[in-house]
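Dear colleague,

Please find the structure below, handed over for your own work.

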Amino acid sequence: MELSDDLFDSTLRVVVMKLLLGAIFLILLAKVTTVMVFSGEYFRELSLGNRTKEEKIVANRGVIYDRSGKVLAQNLPQFILGEKIISQEEASLGKEVKVESRRSYPLGKIFAHVVGYVNLSEGRGMTGLEKEFDEQLKGKDGKELWETDANGKKLRLLGKQLPVAGENLTTALEANLQETLFNSLNSLNSSRGLAGAAVATNPQTGEVLALVSTPSFDPHNVEMSLDHPGKPFFNRAVAATYPPGSTFKIVTAAAGLENGVITRATKFEDTGVLVIGPYKFANWKYLRNGGVDGWINVVEALQKSNDVFFYQLGGKLGVEKLTEMAKKFGLGEPGIIRREREWFLGDTYHMAIGQGDLLVTPMQVNNWTRAIANGGKDLNLKKETVEIVKEGMKAACSEGGTAYPLFGMNVACKTGTAEFGDPRNRTHAWLTAFAPVDNPIIAITVLVEGGGEGSDVAAPIVKKALEEWFR
């Protein structure tokens, strides 16, 4: 009996073990079936993904040209082995060399502010024309799909989408004029540490022919310029503001004529100093050598840049009419007319000669120069107003005028020597001009920060630029 019980227990254990093993097998079979049937597509896609690689084909960026076809920005091949940039000669000897396109600026610093530069890692324009026309220039990238092995090595090309090159851009800029202006201003920056800016435009169309700011930066190596104390990335031609000095007398004269406060025949007396109560407002010539101009009209006042004449004209106009004309000539942001405090007659006097609570950009000075050059057609000025101001500006560039370096040229101009509260009594040097007088095709403005007299420092730069332009 005991033997039968032991045999029964042994048989029962065998049966239980078989049932247990069978259950485990069924569970495993169900799991495998689920993986194969229900998840097979997922793992198949995952496997394919591990065997393919997509590579971007960067589109060639459009080329930027000056008006005559000279290249200002282009693409050149760059050879990379591993993480190192190598020469073309080294690339011809190596294997696994990757070729990429890099942006090249043949004229470097000369056009840095106006053309700008591209962020290579992001492939987009950061400043200047590169930023402004980024969508047009960058094109559309292509791509390649490769089959790879488990180690990522390419086995065969599965598909390819060709890139679409960016559009080329031809500008109104003139490379020789830009280079002439840059070299003159850069020389002052190198020798005397003086920053500066220049703007040249076509007064009939408004096209920008040249735009310079110094110090400048190397668009190929932007990082090296970041800590430069001279702020080389700051575009002084369009963003920096300065007192315009006597270049603003163009606007004051136009305001007087347009509002009927003066005519060509109106004369004010220059006695050297205009005295108002306890305050004295002197003419620059009187301060220099005691000289006076006597009774003069607006043409002579522009020719000699007579402060006393414009003090009196500003006083008769009043700040409201003067401000209205300044805005009509394009003075707005970033230029400033500061009037947040109580305003006095003396403030109007200072504003009338481009000092005091008045700040402008070189581009804005060029704007009002261009407005006179093109006959005031954009501002709806009276023909007589424009002709009288133009006559005064032509006289400033003739014998007896303040812009003696431009004597003998067919030019209309205005000098400016602007005080800016410098402890060393330095002044900003301005010269703005257009030529030829009767049918102008260029308006040019030059500023040298702390450079001194406009006639001594800015005028010679304008003369060189005009000679290059008409050459």
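I begin with helix 8, where 10 of the 10 residues are buried, so this helix is largely enclosed by the rest of the structure. Buried here means under 20% relative accessible area, exposed means over 50%, and partly exposed is in between, with a 1.4 Å probe and protein chains only. The buried residues of helix 8 include Lys249 and Glu258, as well as Ile250, Val251 and Leu257. Gly260, which follows the helix, has a positive phi near 70 degrees. Helices (H or I, at least four residues) and strands (E, at least two) are DSSP runs, numbered from the N terminus.

Please note that this is a predicted model: local features need pLDDT of at least 70, side-chain atom pairs count only at pLDDT 80 or more, and totals for chains, interfaces and linings use all residues. Residues are numbered from 1 along each chain as its sequence is written, and side-chain values use heavy atoms, with hydrogens and water left out.

Overall composition

The protein chain has 16 helices and 21 strands. Of its 471 residues, 47% count as buried. Among the contacts in the chain with a separation of 6 or more, 66% are accounted for by residues 24 or more positions apart; contact means heavy atoms within 4.5 Å.

Helix packing

Two packed helices are described by the angle between their axes and the distance between the axes. Axes are lines fitted to C-alpha atoms, for helices over the stretch in contact, and angles run from 0 to 180 degrees between N-to-C directions.

Helix 8 (residues 249-258) and helix 11 have axes that come within 10 Å and cross at roughly 50 degrees. The two helices are therefore oblique to each other; angles under 35 degrees count as roughly parallel, over 145 as roughly antiparallel, 65 to 115 as roughly perpendicular and the rest as oblique. The crossing of helix 8 and helix 11 is left-handed, a term used if the near helix is turned anticlockwise from the far one by less than a right angle, with right-handed used if clockwise. Helix 8 contributes Lys249, Thr252, Ala253, Ala255 and Gly256 to the contact, and helix 11 contributes Asp307, Phe310, Leu313 and Leu317. These residues divide into 5 nonpolar, 2 polar and 2 charged. In this scheme Ala, Val, Leu, Ile, Met, Phe, Trp, Tyr, Cys and Pro count as nonpolar, Asp, Glu, Lys and Arg as charged, and the others, Gly among them, as polar.

Helix 11 (residues 307-317) also packs with helix 13 (residues 345-352), at an angle of about 125 degrees and with the axes 8 Å apart. That angle makes helix 11 oblique to helix 13, and the crossing is right-handed. On the helix 11 side the contact is made by Phe310, Tyr311, Gly314 and Gly315, and on the helix 13 side by Leu345, Thr348, Tyr349 and Ala352. The residues of this contact divide into 5 nonpolar, 3 polar and no charged.

Disulfide

The structure holds 1 disulfide, defined as a pair of cysteine sulfur atoms within 2.5 Å. The bond is formed by Cys397 and Cys413, whose sulfur atoms are 1.9 Å apart. Cys397 lies in the loop between helix 15 (383-396) and strand 19 (412-419), and Cys413 in strand 19, so the pair ties together parts that are 16 residues apart in sequence. Cys397 is buried, with a relative accessible area of 1%, and Cys413 is likewise buried, at 0%.

Surroundings of Leu466

Leu466 is placed in helix 16 (residues 454-470) and counts as buried at 1% relative accessibility. Leaving aside residues up to four places away in sequence, Leu466 touches Met409, Val411, Ala435, Ile442 and Ile444. Leu466 and Phe434 are 32 residues apart in sequence, with their C-alpha atoms 9.1 Å apart in space.

Backbone features

Ala435 is joined to Pro436 by a cis peptide bond, with omega about -15 degrees; Pro436 lies in the loop between strand 20 (427-435) and strand 21 (442-448). The peptide bond from Thr214 to Pro215 is also cis, with omega near 0 degrees, and Pro215 is found in the loop between strand 12 (208-214) and helix 8.

Lys231 lies in the loop between strand 12 and helix 8 and has a positive phi of about 55 degrees although it is not a glycine. Lys231 is exposed, with a relative accessible area of 57%. Ser305, in the loop between helix 10 (298-304) and helix 11, has a positive phi near 55 degrees and is buried, with a relative accessible area of 3%.

Yours sincerely
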